[in-house]
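Subject: Structure handover

Hello,

Here is the structure for your files. Please open it alongside this note, and read on for what turned up in it.

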Amino acid sequence: MNIRKTSFMFVSTILMLVVFTVSAQEDVQNLAVVVNALTNPKLGISTSLSIVNLNEPNVKKAVDNEVIPLGSVPSDIQILGELGYVVNTFSHNVQIIDLRNRVSLGAIPIGDGTQPQRIAFVNQSKAYVTCDGTNEIRVVDLTTRSVVDIIRGELKPTGITVLNGKAYVTNPAFVVDPISFAVTYMDSSVTVIDTQTDTVLKSIPMPTNATGITNDGESRVLVLSAGDFNLIPGNLSIIDTTTDEVEKTVRLRTTPGFSLVLNSKKQVFMNDGFLTNRGLLVYDLASEKWIRDRNDALADFTGGAGLAVDQNDNVYVTIPDWTGGGQDELRVMAPDETLIKTYRVGPAASIVAIAQLAPSEIAKADVNSDGAVDLFDLVLVANHFGEVGSAIIGDLNSDGIVNILDLVLVSAHFGERVFAAPFGKVVDPKLDNKRIQQAIAALESYPDESPTIRRIADYLRLYLENPAPTVTDTELLANYPNPFNPETWIPFQLSASSPVIVRIYDGQGQLVRNLELGYQRAGVYTSKSQAAFWDGKNEIGERVTSGVYFYQLLADHFTATRKMAILK
């Protein structure tokens, strides 16, 4: 029997009974990752991460706010591949975020009292973390997620950048009086480190309060000194990395913020900072002239804090609202200096980084972009079975033909969730059982003992043998056991298919854990194999304390909350 012909006829028939909203897969997922640094227990606000899908034209739909809880006083985020590394200063760790699946993978302990500030990657497996609590730079093995060496630094090491086999670390060199809290600024500097031997090569004197630092990707390092916020204004110092000497110092005649970035044209962007707050400043390295100085700052970006630039030279500026009033924004400036987009982000949005995620096999397998790889995707691939050409729906491996290999890719990821999928409207198919039986028989009679064919037949058979029960009301049920220690199951039922999220809050209303269950069919989810599972840990893998907690179900337009307790 010709399996290609049979599959095509079968799927063509049932496809008419299935309604899809199909959105084209993006080649690359472009994200802005925003650190929300405010903690205010009275307002129920804690530090978190917001993720902006830059491919989404609707600015409201593009933003997922406060999706991942962070540690205490997050001060930096850097992206390496699909992982975000967040430096939590008062938690003394570096938290690892899986950006594709939007989950925290735990944290790298940097050491008690270290107060880590910034992180920079030496290579794929090695990073440096500046620690102003102990005046050190700690060497981190990203593979084992541990500190493997310590480099003695100068006073208050903060900013760091890596270029041409060397790391450059800013040392603001200030001392705070523990009683009056008065700040005294000492001689600031930049420490130069050999990244092969982890040894200090040199110390370069800097103007007062050198904090921000970056490089041009070639031979220059740029250092931003903020001054003393009173009589001494800021400076931009340019270091020649061939000699490790300062080749030029640009007087800013103002107090800048702590961030600076460069675009591909070697234009430097920085915020006019805390005292005057006029907007965005722009300095051109090539001509050594100001494009936008303090008298002509870009006012659309007044109040800016964090800065980032993408591959198209768009500049991203966070505008934090430290009052917790919800006016935090991420503003985007095009290369022609126009404000092109404004996103509303989380409380005290103070840091931003840009990430690009290449399409994964799982994302390709989710053909209809509903957030999960399932029977719908098999149907859609099979509907184009045998077609030849370019950019065909169902040609998941891009070999120019829809064939068994594409079905293999779908079945290999069956049941998996897809990062940031724009949930489409999927109507459950009311399939003809006789036609499904005919399809199963055709698949089983295929002469080749292919595990792919058997797997597809099994999925269809399971669909017949386990029809979804009829549920009239969506409901959040009582967790079990309750009280519990250390884990519990949270059952629920759905009257209609929907994306499902279960959130855990502590007694003060702060988000503890976000459980994204993906797109679920209508039905009852009460058994341990189906109910939502919570292991009693927060987003960074720490056991929570005893007490009363609340769990909330979000499904379609339904929200419900119930109470539970942990007893230890």
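**Salt bridges**

K266 is buried, with a relative accessible area of 17%. Buried here means under 20% relative accessible area, exposed over 50%, and partly exposed in between (1.4 Å probe, protein chains only). Before the rest, two notes on the source. This is a predicted model, with residues numbered from 1 along each chain as its sequence is written. Local features need pLDDT of at least 70 and side-chain atom pairs count only at pLDDT 80 or more, while totals for chains, interfaces and linings use all residues; side-chain values use heavy atoms, with hydrogens and water left out.

K266 forms a salt bridge with E218, and the closest N and O atoms are 3.6 Å apart. A salt bridge is a side-chain nitrogen of Lys or Arg within 4 Å of a carboxyl oxygen of Asp or Glu. This pair links distant parts of the chain, 48 residues apart. E218 sits in the loop between β18 (210–215) and β19 (220–225), and K266 in the loop between β22 (256–262) and β23 (267–272). Strands (E, at least two residues) are DSSP runs, numbered from the N terminus.

The structure holds 16 salt bridges. Another of them pairs R278 with D272, with the closest N and O atoms 3.2 Å apart. R278 is partly exposed at 29% relative accessibility, whereas D272 is buried at 1%. R331 and E329 also meet through their side chains, at 2.7 Å from N to O. Both R331 and E329 are buried. Shared partners join D216, R220 and E247 into one network of salt bridges.

**Nonpolar cores**

Which residues have the most contacts inside the largest nonpolar core? They are I490, V502, I504, W534, Y549 and M564, in a core of 21 residues. A nonpolar core is a set of buried Ala, Val, Leu, Ile, Met, Phe, Trp, Tyr and Cys residues joined through side-chain atoms within 4.5 Å. The elements giving two or more residues to this core include β34 (498–505), β35 (511–520) and β39 (558–566). β38 gives the most, with four residues.

Look at W534 in particular. Leaving aside neighbours within four places in sequence, W534 is in contact with residues including F484, I504, L515, Y549 and M564. Contact means heavy atoms within 4.5 Å. Another core lies apart from this one, with 16 residues, among them V33, I68, L99 and I351.

**An open sheet**

Four strands form an open sheet in the order β3-β2-β1-β30, with antiparallel pairing. Two strands pair if DSSP finds at least two bridges between them. The edge strands, β3 (63–69) and β30 (349–357), each pair on one side only. Six bridges join β1 (residues 29–36) to β2 (residues 48–53).

**Two single residues**

N93 lies in strand β6 (residues 93–98). Is N93 buried or exposed? N93 is buried, at 7% relative accessible area. Beyond four places in sequence, the contacts of N93 include V86, N88, I108 and P116.

V309 lies in strand β26 (residues 307–309). V309 is partly exposed, at 22% relative accessibility. Beyond four places in sequence, V309 is in contact with V261, L262, N263, N314, V315 and I354. V309 and M333 are 24 residues apart in sequence and 9.4 Å apart in space, C-alpha to C-alpha.

Best wishes
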